[in-house]
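Me: I am new to this structure and would like to learn how to read its features one at a time. Could you take me through them slowly, giving the general idea before the particular case?

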Amino acid sequence: MPLQHPLMQNNIIREDLDAVIDYLPSPLEVPPVEAEDMKTGETILCPPDPDAPLAALAFKIVSDPFSGRLTYLRIYSGTLTPGDQIYNATQDKRERAGRLLRMHADKREQVQEPVAAGDIVAAIGLSNSSTGDTILDKKSSIL
């Protein structure tokens, strides 16, 4: 009989990985997020499609001693590229996402390529954004 790690004998790791799959699904495995068109009041779906218009949520604001104000964004649809002009629908203001960072436990990685649906990044340069704000591209009008 081959030797097994004690945690594998109890299936603890397997159960943990099953929980990750069940509770943290891929954006492609969940229904599209619903939003409201600010002009018509209609319900609009935001599919996790990189070709769809940008729809993101600012879910955390952090003051960083090196980079200044970081706005954590969850991208629901579309793409966001460093330097893009975006529209904060909640505040009714235009802003520029100067730099994008992928945050890791004790380090950060600057993003050069576009981020897409399902990604979580920290944006530098969104001085008017607050927790709970809807971030869109210039053409959208959803909340």
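Predicted model: local features only at pLDDT ≥ 70, side-chain atom pairs only at ≥ 80, totals over all residues.

Me: Which residue does Asp119 meet in a salt bridge, and at what distance from N to O?

Reply: The general idea is that side chains of opposite charge can pair when their charged atoms come close. In this model, the side chain of Asp119 meets that of Arg102 in a salt bridge, with 4.0 Å from N to O. The pair links distant parts of the chain, since Asp119 is placed in the loop between strand 10 and strand 11 (120-124) while Arg102 belongs to strand 8, 17 residues apart.

Me: What is the N to O distance in the salt bridge of Glu113 and Arg102, and which parts of the chain does that pair tie together?

Reply: The side chains of Glu113 and Arg102 meet in a salt bridge at 3.6 Å, N to O. Glu113 lies in the loop between strand 9 and strand 10 (115-116) and Arg102 in strand 8 (residues 99-103), so this pair ties together parts that are eleven residues apart in sequence.

Me: How many salt bridges does a search of the whole structure find?

Reply: The search finds three salt bridges. One of them is formed by Asp64 and Arg108, whose closest N and O atoms are 2.8 Å apart. Because Asp64 lies in strand 3 (residues 55-64) and Arg108 in strand 9 (residues 108-111), the pair ties together parts that are 44 residues apart in sequence.

Me: Is Asp64 buried or exposed, and what does Arg108 count as?

Reply: Asp64 is buried, with a relative accessible area of 12%, whereas Arg108, at 34% relative accessibility, counts as partly exposed.

Me: Where does a charged end sit over a ring?

Reply: Here one looks at the distance between the charged end and the centre of the ring. The charged end of Lys60 sits over the ring of Tyr72, 5.3 Å from its centre, and the charged end of Arg74 sits over the ring of Tyr76, 4.5 Å from its centre. Pairs of rings are a separate topic: a pair of aromatic rings is described by the distance of the centres and the angle of the planes. A search of the whole structure finds one aromatic pair.

Me: What is the phi of Asp92, and where in the chain is the place of this residue?

Reply: Asp92 has a phi near 55°, a positive value in a residue other than glycine. Asp92 has its place in the loop between strand 6 (85-88) and strand 7 (93-96), and at 56% relative accessibility Asp92 counts as exposed. The C-alpha atoms of Asp92 and Ile135 are separated by 10.0 Å, these residues being 43 residues apart along the chain.

Me: Which residues make the nonpolar surface patch?

Reply: The patch, of about 380 Å², is made by Val20, Tyr23 and Leu24. Tyr23 lies in helix 2 (residues 12-23), and with a relative accessibility of 67% Tyr23 counts as exposed.

Me: How many helices and strands are there in the chain, and what percentage of its residues count as buried?

Reply: The chain has two helices and twelve strands, and, read along the sequence, its pattern is α-α-β-β-β-β-β-β-β-β-β-β-β-β. Of its 143 residues, 30% count as buried, and its accessible surface comes to about 9,100 Å², with 53% of that belonging to carbon and sulfur atoms. Among contacts between residues at least 6 apart in sequence, 60% join residues at least 24 apart.

Conventions. Residues numbered from 1 in each chain as written. Heavy atoms only, no water. Patch = residues over 30% accessible without salt bridge, like charges linked within 9 Å, V, L, I, M, F, W, Y side chains within 5 Å. Areas by Shrake-Rupley, 256 points an atom, 1.4 Å probe, with all protein chains shown as cover. Helix = DSSP H or I, 4+ residues; strand = E, 2+ residues; numbered from the N terminus. Buried < 20%, exposed > 50% of the residue type's maximum accessible area, 1.4 Å probe, protein only. Contact = heavy atoms within 4.5 Å. Phe/Tyr/Trp six-rings, centres within 6.5 Å; stacked < 30°, edge-to-face > 60°. Lys NZ or Arg CZ within 6 Å of the ring centre and 35° of its normal.
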